[in-house]
Amino acid sequence: MSKDWILEKHISKKALPNENIISWIKWDPNLVAKKIILKFEPDLIITKVLNVSEEGLKNIGELQSGKITINQEHMQIPGFFGFTCLYNAVPENERTINFIVEVDFDDTIQKVEYSTKIIRPILKFEQAEYTLTSSQFGNIVNPLDLKLVNVGSGRVVNLHPFAKVTKTTDMEIKIQTKQEEIKDESLVFVKTNQITIPKIIVTGIGYGMFSLGYEYEDTMGNSYKSELANLSINIEEKQTLQVPITENISRLSTPLLKATV
Amino acid sequence: MAEVALAGSLISALGSSIPSFLQKLSELKVTIRKGATVFYKSCEIEFVFHFNIGPMESRLDSIINPLKKFITKPLEFDDVITIDGYTLTGNDDLRKLGIIQTIKDKATVDFAKLLELKSDLVILTVRKKLNPRIPAALLSLHIDKNPEHDGKLTSSNIELALDYGNLWHKDFDHFDVKDIEFSFNLGIDLQTIVKALPTLQRKKIINAGKSFTKGNRDAVTYIKIFSDNFLKFQSDELEPDLMNCVYLEPKNNFQITSLHPKMQTAEIAGVGQPIVLPGEMKIFLECRLDGNDRALKGKITIDLEKFGDVLRKIVSSIEQETGRLKLK
């Protein structure tokens, strides 16, 4: 059998966790496949095997087992094998998932290998350490402008900061969101002139440390947490400080194309 | 997995007696070419049959007489939306000849009469409602949840594959699914609109917002002209330009059926003056998938530079109409 027996092989180029992935291979319908075996990695769930009879679906094997088998009598279309699947874990990093399809033509077994990329947004702080001292504060408190970078391929939506206090003396540190009127003169249009700004509220005196991170989602609604940035605060006089947090993140302000059905 | 158990063939949707009738015709050496088109959106199916009944002189003994023993009355079709038939030579209309008769959604086809027609090729088309579960089960699809974006273009892959081959593969010489509808929404963020404004116009709109609150007549006029021009975004005038921003691949399978631009309400920053701006563009597409292809890769791409040109065209009108206004 010549190497170009296969007419087309396709798999969704990329997918977010829990996003449907579709794949198919097409070959000359005159070449009769006796058996097809699909091998796949753990964390993948096969959600549908296309054009396989009900009886065949009962006998293909566990859909999370890493291997399914379809026999000739259960294939409804010659020269075609397809399936849908999804990756149902949230990976730490983007990763490539490999698939192997073995088509048994009786006299020869043809092996098809292909892969798809599981993508996600990955937010990182450009600077991992920040220090706030009382001399910086004065009467006007400048926002803590956090530079974030998305090193993943997934788009970030619904970004919210969270804090974890690691060490304080006589100090209370928390994050509060407050509604304020926009004063940023570099802006031209805003959704509303009232903006909700998260602020670090520091009450007391002395030295404190806390970590700041972001909770966010991708366009599939999967939830993530960013890595943490460490902030140290040093206040010499007893006072309450409000430090607005602003973030600057790549690829947030672009038109979003979204399928609605 | 296999949410619906769909057995048999789509031909059985025509009625329980039809498959055995077609089988009988085949046994009598009548060549039948069968086609079916599923209309995805409306859950309808259209069957097209080409009956090659052969020359008249050979037909009587080989087909007509044996068939008369098998069928004693016209064949009945239920839930019919439309039914038509004609002969290829002579172009006889089977309705006018009384071979096809309809009462509301019921139709009858008198095959005994049909076989007496002079023409050797008869074409019959029947359109029916389909069980809504079937079109949904026939297709498996994937649309990118995370569109690709390179600053100039944003695109989303559309992948479709046919399933339940038992319903269509063996029984039809031609099978396709039409009117598979997709809709996409291009959400327009405010920064995209600001990018289309020259620096001078950005300052002017903020000044106009500030002066508007003080009752400056030119500022009122400016805001009105600004809003009126941006309202053109959803007018027919700009539709060809917006259509030009959208590319579909492959062109033979995908087409745009309509575009619906919508406005959004925003405020002038720091002023709070409400203003109406382009908000989103809803794009409706239709796709056709041929049974011979079994599966199809498609793509929708929006040219954001061209889209920016549409916004700049609006801004250019604003500049021309507001040049003389004093906003301070």
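Which residues of α6(B) are buried? They are Lys204(B), Ile205(B), Ile206(B), Ala208(B), Gly209(B), Ser211(B) and Phe212(B). Keep in mind that this is a predicted model. Now look at what lies over those residues. The cover includes α7 (217–231) and β13 (254–268) of chain B.

Next, check the length of the helix. Helix α6 of chain B covers residues 199–213, which makes 15 residues. At 1.5 Å a residue, α6(B) should span 21 Å. After α6(B) comes Gly215(B). The phi of Gly215(B) is positive, near 85°.

Chain B is divided into domain 1 (10–131) and domain 2 (139–322). The C-alpha centres of these two domains of chain B lie 46 Å apart. How many residues of domain 1 of chain B are in contact with domain 2 of chain B? There are 12, and they meet 13 residues of domain 2 of chain B. On the domain 1 side of this contact in chain B, 6 residues are nonpolar, 3 are polar and 3 are charged.

Chain B also holds an open sheet. Three strands form this sheet, in the order β3-β6-β5 (chain B), and their pairing is antiparallel. Which strands of chain B are at the edges? They are β3 (75–77) and β5 (100–103), and each pairs on one side only. From one strand to the next, the twist averages 20°. Follow one pairing in detail. β5(B) joins strand β6 (residues 106–109) of chain B through 4 bridges, in the antiparallel sense. Within this pairing, Ile103(B) has Lys106(B) in β6(B) as its bridge partner.

Now turn to chain A. Chain A is divided into domain 1 (3–118) and domain 2 (123–249). The centres of these domains of chain A, taken over C-alpha atoms, are separated by 46 Å. In chain A, 7 residues of domain 1 are in contact with 8 residues of domain 2. The domain 1 side of that contact in chain A has 3 nonpolar residues, 1 polar residue and 3 charged residues.

Pick out one residue, Lys124(A). Lys124(A) sits in strand β10 (residues 123–125) of chain A. Why is Lys124(A) partly exposed? A residue counts as buried with 20 or more other C-beta atoms within 10 Å, and as exposed with 12 or fewer. Lys124(A) is partly exposed because it has 14. Leaving out residues up to four places away in sequence, Lys124(A) touches Val149(A), Val151(A), Ser226(A) and Glu227(A). Ile97(A) is 27 residues from Lys124(A) in sequence. In space, the two are 24 Å apart, C-alpha to C-alpha.

Finally, bring the chains together. In all, 51 residues of chain B are in contact with 49 residues of chain A. Elements that give two or more residues to the chain B side include β8 (139–143), α5 (190–195) and α6 of chain B. The largest share of that side, 7 residues, comes from β11(B). The chain B side divides into 25 nonpolar, 17 polar and 9 charged residues.

Strand β18 (residues 256–259) of chain A and β11(B) run antiparallel, joined by 4 bridges. In this pairing, Leu256(A) has Gly187(B) as its bridge partner.

Key. Residues numbered from 1 in each chain as written. Chains lettered and ligands numbered in written order. Predicted model: local features only at pLDDT ≥ 70, side-chain atom pairs only at ≥ 80, totals over all residues. Expected span 1.5 Å × (residues − 1). Contact = placed C-beta atoms within 7 Å. Nonpolar A, V, L, I, M, F, W, Y, C, P; charged D, E, K, R; others polar. Pairing = 2+ DSSP bridges. Axes fitted to C-alpha atoms, helices over the stretch in contact; angles between N-to-C directions. Domains from an automatic or database assignment.
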